[in-house]
Each structure stands twice: as structure tokens, then as C-alpha cells.
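User: I would like to learn how to read a few features of a structure that is new to me. Could you take me through them slowly?

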Amino acid sequence: MKKDFLNLGKQPIANSFLSSISKKSLKSEYFYNLIISFNTKNFLVSVKKPVNPKIQYTNKYAHRASESQTMRKAFRSAAIKLYKRFKPKNIMEIGSNDGVFLKNFARQKVIGVEPCRNLAEITKKKFTTYPNFWNKVLSKKILKKHSEVDLIFSANTISHIPNLKETFEAIFNVMSDKGVLVIEDPSLSSVIKINSYDQFYDEHVYVFSTLAVENIVKKYKLRLFDVQKINTHGGSLRYYICKNNSKYKKTKRLVSILNEEKKTGLDNFNTFKKFAGRVKNSKKKLVSLLKKIKKNNNKIISYGATYKSTTVFNYCKIDTRYFHYVTDTTYNKQGKFTPGTHIPIISPEIGFNDSVDYAFLGAWNFKREILNKEKKFIKRGGKFITHVPEVKILSK
Ligand code: TMP
């Protein structure tokens, strides 16, 4: 049974940065209700009514995984480790974005799948890329042209696809008998522990736990045999999945993480009810901190026009009353406005200047990279604000 535990209110599509805030474009802005549910049977946490993927993954998709040094390094390291461990003869990535993972392999070994055409165009120049949504039709098309795949990799994508049945059945189709599916997605355990409620937005149809993934893949003749904690995106998990009768044995760390998740209560609805209470508190604290800072005539901006910020800004009703603007390094976000709250986005070269007193860490998942980069700001007395794991001004 699905039970709702969190209502984050009316939300826009997290990546739908507006080119203009004319009456006409505001009128056509799409909103939906972001309600989060828990399935008491398989422990899956999901958005109650997912948005249609055709509205989300268009040829204007803004996120470029290569933008961040942290992600470039993380994908390079994943590519090297996975290649060493599984020695695949070929590799397919579902949701290959701008090729940040693929580019670590020889071009004849890899296949990319990427429904956002602007991104698929980038990797198509070098790698075989299918500019399509992942489904059984595509899996059959791929099998006609390529041999079965030994390593299927998918980072921050499977949790975005509402139809898990279609997804895993299509994966089973293309995977060789000794093949491995490796998926990475934000970890529910981290969300609960660090109160990162902004991991919930339209694209994150699911926030997986190991408990849930083990239950789900079982239904599709697949078996979870290993899992690993990774630091990306504010705490993620890398799941290793094989076909039922494959040689891989359940690892000790999988057993230990499953136990840890039970201890955290990820199989218990009460855990999520309590979490929802902490989320409400976080909102109150953040708004009151921003009000206090504003009252003292300080200039606040937000650092990183992230999708996660869309949830925070719209849930907390934070707009230009608080933030002068948002800075972001992504060229195609600059000159636009944040979804729902319509705060201008500008480049850090222009906006992250000496007039800024406080910067809200929208990209809190890159905290280390950002604090390292912005030593000058901190030295001159500039301050970062975060809401994760709790609302505070960062002292260092
Ligand atoms: P993400 O959390 O969805 O990956 O988005 C991070 C955003 O933050 C992305 O648009 C790039 C931006 N960003 C900056 O503007 N400056 C930075 O130093 C970093 C690391 C990210």
C-alpha cells in the first residue's frame, strides 16, 4: 500500500528555467503537486503522481554532468574501477548526458542512450548514441545492431523513469548472461539523515534504498549482489545487479548496508512521518534566517541554480524578496530565471563579486569544491548559508 508522508506543495519542473518572465511565458509555466509516498510492501519511496517524461527530457535539457570537476573525477574513477572489476567486452550507458562517463572508454566499446537530443548530439560525434527514451522497443533495436551487453551503467537516470517494469525488462533483454547492471542514484538513507528534502523534485520519481532496489529487481529475474556508498550528489549508492542465475555472490557490504537501512527505519512508515516534521522545521528556520539577514540590509544571492533549489525555493516561497540573483557556471542557465520563483540567473564572473554578503549554497552537494574555490569570498567576510544537514551559516 502507498502512503503519503510529505507534501512539498505546488512545484514547477525543476529544470524549466525561463527565458523570459513576460506575462505570456508565466502563463504557460507548468506546475504539479509534489507529494511523496512510501510503499509499505516493497519500501519504495516515490513521487505520488510523476510528471510526463516528455515534458521533462526535451532538447533544451539544461544539466551537463561535465560542468562539475567533482562529477568528472567521479565518473572517471567509476569507469576505471568497473572496467577493472568486470572486464566487459562492451558497455552501454542509459542516460549518457554529455558523455562524461562514456568518454573514458574506447569509442568502439560503448553505446550511449540519451533522450535529450541536445545532449545526444554532443556524444553522437564520437560514440554510437541512441537519442531515445529507454524502453523495450529500443532494447530490441539495439540487439539487432550490437551484441548483448556485458556492462550496463546508469547514473542518476533509473530513478527518473516512472515505469520500472519496462525499464528492467528492457535491461534484461540486452544484458548478456554474465553481464552486470550498475546503477547510481541518491540514497534515501542520506536524505533521511541529512534532511536533504530537496532530493525530491519531478525528476526524482524514486529515491531508492537498498531495501527497495533488492525487492524491485527480484520481480524482473534480476538479483542485487553488491552495493557501495559513494559521495556524489550529497550521498548516493552504487548498486550492482546481475541475472538470477549469474555467478555473483551477495557481498558482505550488501548485507551490512541492508541491516543499516533497517536500523535507520527505511522499512517503516513512521521514519518518514518524522522526517516530514523535520522538513517543516527546516523551512521555518531558513525563512526566518533569511528575513533576519535581509533586515540588516545585507545582500544575499544563491550559489548554483540547481534542480534541488527549485524544490527549496518553491516550498519555502523564496524569491527576489530575499535573493538578488542566482549565480551558475552553466552557460545555458545564465540569462534565464529560476522555475516558479523567477529569480534571475547570472554568471559567477559577473555576480559573485564584492557586493555579496551572503550566498545560499544551492549546490550544497558540491560544498567542498565550492568552498575550496571561493576562499577569497570567505576571507573578505562573505558567508555561505546552507540548509543541509541543518539551516546554518557556515563558519568555514
Ligand atoms: P546539480 O547539483 O544538479 O549537479 O547542479 C549543480 C549546479 O551548480 C550546476 O548548474 C552547476 C552549478 N555550479 C556552479 O555554479 N558553481 C560551482 O562551483 C559548481 C560546483 C556548480
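This is a predicted model: local features need pLDDT of at least 70, side-chain atom pairs count only at pLDDT 80 or more; totals for chains, interfaces and linings use all residues.

User: Which residue has a polar side-chain atom 2.4 Å from an oxygen atom of the ligand?

Analyst: That residue is Lys-373, whereas for Thr-329 a polar backbone atom is 3.0 Å from a ligand oxygen. The protein buries 95% of the 480 Å² that the ligand exposes when taken alone, where accessible areas come from the Shrake-Rupley method with a 1.4 Å probe.

User: How many residues surround the ligand?

Analyst: There are 16, and Asp-328 and Lys-333 are among the closest; a residue counts if one of its heavy atoms lies within 4 Å. The shell divides into 4 nonpolar, 7 polar and 5 charged residues, and its largest share, 3 residues, comes from helix α13 (residues 367-373). Here Ala, Val, Leu, Ile, Met, Phe, Trp, Tyr, Cys and Pro count as nonpolar, Asp, Glu, Lys and Arg as charged, and the others, Gly among them, as polar. Helices are DSSP runs (H or I, at least four residues), as are strands (E, at least two), numbered from the N terminus.

User: How should I read two packed helices?

Analyst: Two packed helices are described by the angle between their axes and the distance between the axes. The axes of α10 (residues 269-295) and α11 (residues 307-316) come within 10 Å and cross at roughly 80°, which makes α10 roughly perpendicular to α11 (65 to 115 degrees). Axes are lines fitted to C-alpha atoms, for helices over the stretch in contact, and angles run from 0 to 180 degrees between N-to-C directions. Their contact (heavy atoms within 4.5 Å) includes Leu-286 of α10 and Tyr-315 of α11.

User: What should I look for in the backbone?

Analyst: Most residues other than glycine have a negative phi, and most peptide bonds are trans. In this model, Lys-87 has a positive phi of about 40° although it is not a glycine, and the peptide bond from Val-388 to Pro-389 is cis, with omega near 0°.

Definitions and conventions: Residues are numbered from 1 along each chain as its sequence is written. Side-chain values use heavy atoms; hydrogens and water are left out. Angles under 35 degrees count as roughly parallel, over 145 as roughly antiparallel, 65 to 115 as roughly perpendicular and the rest as oblique. A polar contact is a pair of N or O atoms within 3.5 Å; within protein, one must be able to donate a hydrogen and the other to accept it, and residues adjacent in sequence count only if both atoms are side-chain atoms.
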